[in-house]
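Please keep the sequence and the 3D view at hand while reading.

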Amino acid sequence: MSESTSEQEQEQEQDKGAPSRRAVLGWGGAGLALGAAAAGGTAAVLASGSDMVSAASAGAAVPFHGEHQAGIASAVQDRLHFAAFDVKTKDRGELVRLLKDWTEAARLMTAGHPVGEGGYGGHPQAPPDDTGEALGLKASRLTLTVGFGPGLFAKGRFGLEGKRPDALVDLELFPGDNLDPARSGGDLCVQACADDPQVAVHAIRQLARIGFGKTAVRWSQLGFGKTSSTTPDEQTPRNMMGFKDGTRNIAGTDKAALEKHVWVGAGDGGDWLTGGSYLVARRIRMNIETWDRTSLGEQEDIFGRDKGEGAPVGKSKERDEPFLKAMKPEAHVRLAHPDSNDGATILRRGYSFTDGTDGLGRLDAGLFFLAYQRDVRTGFVPIQRKLAKSDVLNEYIQHVGSAVFAVPPGVRDKDDWWGRTLFA
Amino acid sequence: MRPARLTVVTAVAVVAALSAVTGCSEKSDASGDGAVRVKASDTACEVSTKEFPAGKVVFEVENKGSKVTELYVLFPDDRIVAERENIGPGTKASITAELKAGDYEIACKPGMKGDGIRQTVKATGTGTVEKRSPEADAAVASYRKYVQEQADETLPKAQAFADAVKAGDIEAAKKAYSLSRIGWERTEPVAESFGDIDPKVDVREDGLEPGQEWTGWHKLEKSLFADNKIDDADKKLAETLIADLTEWQKKVGQAEITPTSIANGAKELLDEVATGKVTGEEERYSHTDLVDFKANVEGAEKAYELLKPITSKTDPALSAELDKQFAALNNLLEKYRPNKAAYEYTAYDKVGEAERKELSDAVNALAEPLSKLAAAAAK
């Protein structure tokens with residue numbers, strides 16, 4: 001029942017020698033593939049962050065089942081493919097079937113197996129169930145995390161209007177927002193994180209394919225070079241502006257902080273969501289070229305940390321406690337800090353993105369910001385209000401996409417499925 | 001019109017393609033099971049026997065050359081019986097064809113270009129193709145009738161279009177343009193199986209190979225809708241179009257048609273919609289893409305309806321899904337058809353981005369289950 005038990009189990013299930021996708025091919029049937037996944041789910045205990053690194057290089061599988069969905073507090077992988085979907089079907093039963101089918105496919109893929117009957121060996125006149133580009137690749141710590149957008153709860157749609165939690169707010173338009181509807185919103189989202197980009201892209205592609213007719217991809221985003229870490233003993237990653245990003249992020253092992261700031265609690269409203277979270281996704285474009293012409297001193301003033309070490313102003317080490325008053329009043333770190341926002345704290349899981357160049361030859365790059373929190377109203381919203389109003393970094397960034405989702409609790413076991421607590 | 005791929009007539013022949021991958025072909029090499037072995041090189045195309053029994057014939061090809069090659073089994077008039085592309089140097093592949101008694105040609109195409117190096121071969125005896133169920137025979141017969149009807153009905157409409165062009169009547173030609181294409185668009189995979197007609201009548205400017213003269217509907221489309229003129233060359237092209245379409249009308253009844261080729265043809269029609277129509281590339285000057293779109297869907301739906309007696313038994317869930325998705329796509333298309341009595345649709349340049357996305361979503365929703373139809377028909 002307690003979370004710690006569940007997390008221990010998760011850690012014990014970490015599987016260093018993950019089966020390769022090839023292992024179960026050609027034998028036909030998801031049943032057998034599942035069996036193999038279960039058999040592989042023993043092995044090494046990974047307790048600390050440094051062990052997580054070796055798990056990554058081993059291509060390990062992250063357990064899919066648990067109290068919370070993987071991909072939130074679990075160690076951040078190197079790559080992202082995030083997709084938002086419109087639900088096209090009007091039939092609640094069909095949507096439920098899709099979520100069950102997605103769960104089944106996710107269970108297989110996160111264990112390193114192809115979906116359905118695999119990528120080849122089936123009927124020669126039929127396209128294979130799995131598209132095959134991840135055959136032979138390891139699980140690569142793939143996590144798949146699903147979320148439900150506000151539209152799903154609209155009146156007269158799926159009978160869920162009474163179940164929309166108050167904390168799932170429609171985000172206001174913040175000053176400076178230049179949101180592209182084609183990069184915003186969505187009834188469903190799937191966050192695929194993996195150490196191998198091909199594994200993450202493959203996963204979204206399979207789910208999109210299974211969804212055709214029931215869902216349609218609304219937009220998607222590829223990401224690389226995680227900008228926030230949930231494992232503080234790893235080196236803090238740098239964002240596209242060259243600054244370390246995520247020094248003060250919530251650690252995936254800090255259960256108290258997760259309970260307080262990330263997981264939805266039993267009395268929070270929306271009982272179906274207990275053990276879940278809320279996700280805010282923002283595509284933040286950076287004006288790379290003008291940033292690069294900014295003097296080092298100004299860059300450091302804007303962030304409130306130095307560029308090399310990442311130490312807060314007036315301190316020498318990255319993890320030294322920041323003294324906010326030493327920073328410029330409108331420095332990014334100062335404004336974003338919980339102490340400037342009545343303690344508002346979010347778990348960031350963002351990635352850098354680069355989608356080539358735009359029509360003017362400017363690098364289309366920035367931060368694909370992903371933040372998990374217990375309540376959007378006390379998490380992202382106050383922080384972003386403050387930043388949008390005053391942050392000097394705004395001269396170099398623009399929010400161009402936005403979406404918010406309620407992220408249901410984890411899939412408990414092989415009979416459970418994404419969204420059961422909401423739909424059942 | 002698009003690059004060569006598995007056409008409707010070859011669909012029957014791919015069964016063995018996978019066995020080459022899984023290693024079954026090596027077994028047959030050892031046992032001498034009567035397969036025809038083809039040694040392909042950059043300069044030769046040797047067959048192990050020039051005469052073999054009719055029926056299901058396996059061709060085991062080995063590429064001993066330095067270039068990627070492909071193997072064709074052809075009727076004497078160049079219609080394709082079976083093909084296998086992309087056979088790399090040093091690799092083996094096998095294809096299976098169902099051959100009635102008669103003469104055939106084997107062509108190896110080193111570099112996958114040109115007419116290839118040819119060998120004449122003969123299938124003899126009374127060996128026949130597999131016995132099909134009465135439902136399957138009925139589907140094949142009805143589909144054959146359908147493609148012939150479409151060609152027969154297209155000719156007068158194409159003639160009206162050509163006459164308007166020849167008369168220099170731009171407005172009348174514009175009106176007749178999209179109507180002249182409907183029958184073709186409904187049955188395009190069959191037309192494409194006669195390799196030479198499609199590039200003459202339906203090629204777009206960007207699909208031309210070096211040295212290929214641009215002829216057919218889309219050249220005239222450009223003159224009429226982009227240049228707003230008809231010159232003498234256009235008038236001549238109109239005549240050529242009729243000659244080529246007459247050829248199609250004559251040949252179409254001879255196409256090799258099987259239940260799986262009907263099903264794969266339906267899927268290919270949706271592929272055409274997904275890659276050419278929904279993007280507005282097909283009719284970039286006239287913007288009559290939605291007419292082609294509708295015709296492609298109608299052709300696919302006809303194919304599906306004919307196979308339904310089979311597939312509703314072998315895969316009832318698939319049939320139910322296809323019924324639903326055909327209806328959904330047709331309903332969506334009706335929104336762009338102000339006059340329900342005519343094949344007149346909203347010009348595609350007036351269809352917004354969000355609406356195109358909606359159309360594309362509906363195409364994906366239909367095409368995904370449709371890709372499973374061939375397997376259901378073959379069960």
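## A serine and its surroundings

The side chain of A:S140 has a polar atom 3.0 Å from the backbone oxygen of A:K138, which is a polar contact in the sense used here (a pair of N or O atoms within 3.5 Å; within protein, one must be able to donate a hydrogen and the other to accept it, and residues adjacent in sequence count only if both atoms are side-chain atoms). A:S140 sits in the loop between α4 (92–110) and β2 (143–148) of chain A, where helices (H or I, at least four residues) and strands (E, at least two) are DSSP runs numbered from the N terminus. With a relative accessibility of 7%, A:S140 counts as buried, a term that means under 20% relative accessible area, with exposed meaning over 50% and partly exposed in between (1.4 Å probe, protein chains only). Setting aside residues up to four places away in sequence, A:S140 touches A:G59, A:A60, A:A194, A:D195, A:D196 and A:V199, contact meaning heavy atoms within 4.5 Å.

## Basis of the values

This is a predicted model, in which local features need pLDDT of at least 70 and side-chain atom pairs count only at pLDDT 80 or more, while totals for chains, interfaces and linings use all residues. Residues are numbered from 1 along each chain as its sequence is written, chains are lettered from A and ligands numbered from 1 in the order in which they are written, and side-chain values use heavy atoms, with hydrogens and water left out.

Chain A contains eleven helices and nine strands, and 55% of its 424 residues are buried.

## Salt bridges within the chains

Over all chains, the structure holds 57 salt bridges, each a side-chain nitrogen of Lys or Arg within 4 Å of a carboxyl oxygen of Asp or Glu. In one of them A:R282 pairs with A:D177, the closest N and O atoms being 2.9 Å apart; A:R282 lies in strand β5 (residues 277–286) and A:D177 in the loop between β2 and β3 (188–194) of chain A, 105 residues apart. A:R282 is buried at 0% relative accessible area, and A:D177 is buried at 14%. By contrast, A:D415 and A:K414, whose side chains meet at 3.7 Å, N to O, are both exposed.

In chain B, the side chains of B:E185 and B:K277 form a salt bridge at 3.0 Å, N to O. B:E185 lies in helix α5 and B:K277 in helix α10 (residues 259–277), so the pair ties together parts that are 92 residues apart in sequence. B:E185 is buried at 0% relative accessibility, and B:K277 is likewise buried at 0%.

## Where the two chains meet

Between the chains, 13 residues of chain A are in contact with 19 residues of chain B. The two chains bury about 1,400 Å² between them, 55% of it on carbon and sulfur atoms, buried area being the accessible area (1.4 Å probe) that two parts lose on being put together, summed over both. Three salt bridges are counted between chain A and chain B, and B:K324 and A:E94 meet in a salt bridge at 2.3 Å, N to O.
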